[in-house]
Amino acid sequence: MTAGQRVRQLANLANGTTLLGLAVAAAAGTAVSQGPRGLLIASGYRWRLPYAGAFTLGNVVICRIRAEGLTSNPTLLGHEEKHCSQYACCLGLPFLPLYFLAAGWSLLRTGDPASENFFERQAGLAAGGYVDSRTTRPAPLGAGGIEV
């Protein structure tokens, strides 16, 4: 682990978000394993909410797929790791209301909770499996140049 990854790990332990992540993982009956770069991977998440393939709480990446599936996808794992760093930068729990405010702002502006969400943009929209709804689409053939 790099010094920065160690600082993130210790910060998220100290601010309680990694412990929260482990509590949610235990309550949801996931299998927790050691991941790369100081991350913990909780796999087999089955609860309906949040509706996401993966999400983070502190340094815990909680996912619906097997841990090997996440670790073999460096793009998605890197996206989730950036969220772990965001928890540390926001001093832990303040990340959650800030994230939901950013998602609400994005939803109001674009109809999508990710496209204008500062945290998702910083973590990489495409890396997280999101489509940037702000990009214009080409008009279908025969539309006469009118965007639909």
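Arg37 takes a positive phi near 55° in the hairpin of E1 and E2, where five residues lie between the strands. Strands (E, at least two residues) and helices (H or I, at least four) are DSSP runs, numbered from the N terminus. This is a predicted model, in which local features need pLDDT of at least 70 and side-chain atom pairs count only at pLDDT 80 or more, while totals for chains, interfaces and linings use all residues. Residues are numbered from 1 along each chain as its sequence is written, and side-chain values use heavy atoms, with hydrogens and water left out.

**The sheet as a whole**

- Four strands form an open sheet in the order E1-E2-E4-E3, with mixed pairing; two strands count as paired if DSSP finds at least two bridges between them.
- At the edges sit E1 and strand E3 (54–57), each of which pairs on one side only.
- From one strand to the next, the twist averages 25°; axes here are lines fitted to C-alpha atoms (for helices over the stretch in contact), and angles run from 0 to 180 degrees between N-to-C directions.
- As background, strands of a sheet pair through backbone hydrogen bonds, either parallel or antiparallel.

**Who pairs with whom**

- Strand E1 (residues 31–34) runs antiparallel to E2, and four bridges join them. Gln34 has Leu40 as its bridge partner in E2.
- E2 and strand E4 (residues 60–63) run parallel, again with four bridges. Here Ser43 is partnered by Cys63 in E4.
- E3 and E4 are antiparallel and joined by four bridges. Leu57 finds its bridge partner, Val60, in E4.

**The two faces of E2**

- Leu40 and Ala42 point one way from strand E2 (residues 40–43), whereas Ile41 and Ser43 point the other way.
- Are these four side chains buried or exposed? All are buried, meaning under 20% relative accessible area, with exposed being over 50% and partly exposed in between (1.4 Å probe, protein chains only).

**Cysteines**

- How many disulfides does the structure hold? There are zero, a disulfide being a pair of cysteine sulfur atoms within 2.5 Å.
- Cys89 counts as exposed because its relative accessibility is 67%, while Cys90, at 17%, counts as buried.
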